[in-house]
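I opened the notebook to look up the fold and the charged side chains of this entry. I begin with the terms I need and then go through what I looked up.

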Amino acid sequence: MEQYSVIIFHSPNHAIWSAKVLKKNGIESKMIPIPRNLSSDCGYCVRISSSDTAGAEEVMKKSGIEYDRIERI
């Protein structure tokens with residue numbers, strides 16, 4: 001069973017930008033609403049496979065994408 005993590009951002013624009021950049025770099029991602037147990041915001045986060053966490057962090061750092069945190073769900 002595959003495990004997932006979510007990347008939580010400070011703004012929806014960063015989530016949209018991140019999803020595009022991750023896909024362009026071969027990391028499967030999907031924008032989803034932030035799970036209620038992680039935040040009361042009505043925003044979006046990006047879901048990735050937990051095994052892609054290190055690669056996603058590297059890609060976002062190189063692209064200058066700021067994010068709040070990554071949580072395993």
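Predicted model: local features only at pLDDT ≥ 70, side-chain atom pairs only at ≥ 80, totals over all residues.

Residues are numbered from 1 along each chain as its sequence is written, and side-chain values use heavy atoms, with hydrogens and water left out.

Fold. I looked up the secondary structure, taking helices (H or I, at least four residues) and strands (E, at least two) as DSSP runs numbered from the N terminus. I find two helices and four strands, and along the sequence they follow the pattern β-α-β-β-α-β. The radius of gyration is 11 Å, close to the 11 Å that the globule rule gives for 73 residues, so the chain is as compact as a globular protein of that length; the radius is taken over C-alpha atoms, and the rule is 2.2 Å times the number of residues to the power 0.38. I also note that 36% of the 73 residues count as buried. With a contact defined as heavy atoms within 4.5 Å, residues 24 or more positions apart account for 68% of the contacts with a separation of 6 or more.

Salt bridges. I count a salt bridge where a side-chain nitrogen of Lys or Arg is within 4 Å of a carboxyl oxygen of Asp or Glu, and a search of the whole structure gives me three.

In one of them, Lys62 pairs with Glu58, with the closest N and O atoms 3.1 Å apart. I place both in helix α2 (residues 53–63), where, being four residues apart, they are separated by about one helical turn. Lys62 is exposed at 68% relative accessibility, whereas Glu58 is partly exposed at 45%.

I then turned to Arg69, which meets Asp68 in a salt bridge at 2.7 Å, N to O, and meets Glu71 in another at 2.9 Å, N to O. I therefore record Asp68, Arg69 and Glu71 as linked in a network of salt bridges.

Key: Buried < 20%, exposed > 50% of the residue type's maximum accessible area, 1.4 Å probe, protein only.
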